[in-house]
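Colleague: I am new to this structure and would be grateful for a close look at a single part of it. Please start from one residue and lead me from there into the surroundings, step by step.

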Amino acid sequence: MSHSAFAYVDGVLHAEGVSAVTLAERFGTPLFVYSRAALTEAYQAYAKACEGHRACVHVAVKANGNLAVLNVFARLGAGFDIVSGGELARVLAAGGQAKDIVFSGVGKSEDEMRQALDAGVKCFNVESIAELDRLNAVAGQRGKKAPISLRVNPDVDPKTHPYISTGLKANKFGVAFDEARSAYRAAAALEHLEVVGIDCHIGSQITEIAPYIDALDKLLDLVTQIEADGARIRHIDVGGGLGITYSTETPPETGLFVRTLLARIEARGHGHREVFFEPGRSVTGNAGILLTRVEFLKPGAEKNFAIVDAAMNDLARPAMYQAYHAIDPVVPRQDAPHVYDVVGPVCESGDWLGRERALAIEPGDLLAIRSAGAYSFAMSSNYNTRPRAAEVMVDGGEVHLVRARETVPELFAGESILPR
Ligand code: LLP
């Protein structure tokens, strides 16, 4: 995925055909801007590589749950990977279909299970024996049989940030590899469950194919054993996790990634099974930017700060994972740059968006924080009673406000004070 939807035209950053200056003036800042073309291109890279195979793509809603974003994917025929009842409701409201949804997550409540069973989701990705029992009980009460796969933890190192690696033994996710076969036997013995697949997810922002192949090989060995025990594995869900370019990372191109995995599955004699992909970041990350305005420049003895109107509540990734997001002026100046830490107004030293960035900027200038389409608005909060930013989607020369900026009264509308 390239940044090509966000390019300079006559010295001004544009989102497709629309100037970012115009967007900021019309909708205010901080402002998330998504490109329909970029979302489409990133999704189609998966869909095209899946053509001619029994494979499908479930977009991970957690990366970006905006209804308009989900709707763009739904119109392209995407399925969805959800982790809560809230995300289920979002997908249905955005025009997605329950039969194209897989439900992941380590802590599904009984209520969420009921909702998903009643809606008729395609598969529950179950993460523990205790969850098998709970789901069996809930399905029994509803007079249903719940389609399940077990999330198996293949214990491979995806070589990514520790907070976003999920397939190691030390992680809370999935059923341990060594216990998976007996967990499948336990599942098969439960009356209201139907084993339909197997799944894994080894982490996020993975920039190599090798860990996927390692995980896949282990999973395929297990599939053979599980089927020897009498269950039928119709699908293999390889999870999400493909990384994107934030700065100098060079992840494999999506098509190559998909084709390599599909080829491996076929070469090992499992080509008759359906294959699921669950991408989040790689279909949304570089399809969005966050526009922010410089409030003050604050020179210091050791550091210069550029204080901007976006903060850690809008984009938590730098504070949370020391994540790098490129930051570019919307209208670059020709002046000599100075080195700044780009920080927000939140009262925390951890409130930074970029460190030691060479920028030629003045107060009032607009900056574009790149790669803000994934885990950005989705992880935003109201810390410091800051209303969450507006979101717009550009479609060629058109702009659509897809989430209005929150207002302060909305933030405490549900609160009350004691009567005396
Ligand atoms: N499937 C499952 C079961 C997952 O847990 C995740 C992400 C995905 C799919 C999608 O992974 P992706 O393709 O987006 O890597 N907030 C962190 C990322 C957390 C990812 C959690 N799981 C960040 O901002 O880097």
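Modeller: Asp10 is exposed, because its relative accessible area is 78% and a value over 50% counts as exposed. The model in which this residue is seen is a predicted one. Asp10 belongs to the loop between β1 and β2. Its backbone also deserves attention: phi of Asp10 is near 50°, which is a positive value in a residue other than glycine.

β1 pairs with strand β2, residues 12-15, in the antiparallel sense, and 4 bridges connect them. One of the bridged pairs can be named: Val9 has Val12 in β2 as its bridge partner. The pairing belongs to an open sheet of 3 strands, arranged in the order β1-β2-β3 with antiparallel pairing. At the edges of this sheet stand β1 (6-9) and β3 (18-19); each has a single partner strand, so one side of each is left without a neighbour in the sheet.

Pro30 is placed in the loop between α1 (20-27) and β4. The peptide bond that joins Thr29 and Pro30 is cis, with omega at about -5°.

Strand β4 comprises residues 31-35 and is mostly covered, with 5 of its 5 residues buried. Which way do the residues of β4 point? Leu31, Val33 and Ser35 point one way from the strand, while Phe32 and Tyr34 point the other way, and all of them are buried. This can be set beside a general rule: in a regular strand the side chains alternate between the two faces of the sheet.

β4 has pairings with two strands that may be described in turn. With strand β14, residues 288-298, β4 pairs in the antiparallel sense over 4 bridges, and the bridge partner of Leu31 in β14 is Leu291. With strand β20, residues 390-395, β4 runs parallel, and 5 bridges join the two. Here Ser35 has Val394 in β20 as its bridge partner.

The loop that lies between β19 and β20 contains Ser371. Like the residue with which this account began, Ser371 is not a glycine and has a positive phi, in this case near 55°. Is Ser371 buried or exposed? Ser371 counts as buried, because its relative accessibility is 1% and buried means under 20%. Asp10, by contrast, is exposed.

The loop between β18 (352-359) and β19 (366-369) holds Gly364. This glycine has a relative accessible area of 34% and is therefore partly exposed. Residues up to four places away in sequence aside, Gly364 touches Arg293 and Val294.

Helix α2 (residues 36-50) and helix α9 (residues 254-267) have axes that come within 8 Å and cross at roughly 35°. This crossing is right-handed. On the α2 side the contact is made by Ala45, Tyr46, Ala49 and Cys50, and on the α9 side by Thr254, Gly255, Phe257, Val258, Arg259 and Leu262. Sorted by class, the contact of α2 with α9 has 7 nonpolar, 2 polar and 1 charged residues.

Strand β11, residues 193-199, is mostly covered: 6 of its 7 residues are buried. Strand β9 (residues 146-153) runs parallel to β11, and 6 bridges join the two. Within that pairing, Pro147 stands opposite Glu194 in β11. β11 also pairs with strand β12 (residues 235-237), again in the parallel sense, over 3 bridges. Asp199 has Asp237 in β12 as its bridge partner. Together with helix α8 (residues 210-228), β11 and β12 make a right-handed β-α-β unit.

Note on methods. Residues are numbered from 1 along each chain as its sequence is written. This is a predicted model: local features need pLDDT of at least 70, side-chain atom pairs count only at pLDDT 80 or more; totals for chains, interfaces and linings use all residues. Side-chain values use heavy atoms; hydrogens and water are left out. Buried means under 20% relative accessible area, exposed over 50%, partly exposed in between (1.4 Å probe, protein chains only). Two strands pair if DSSP finds at least two bridges between them. A crossover is right-handed if, with the strands pointing away from the viewer, the path from the first strand over the helix to the second runs clockwise. Axes are lines fitted to C-alpha atoms, for helices over the stretch in contact, and angles run from 0 to 180 degrees between N-to-C directions. A crossing is left-handed if the near helix is turned anticlockwise from the far one by less than a right angle, and right-handed if clockwise. Contact means heavy atoms within 4.5 Å. Ala, Val, Leu, Ile, Met, Phe, Trp, Tyr, Cys and Pro count as nonpolar, Asp, Glu, Lys and Arg as charged, and the others, Gly among them, as polar.
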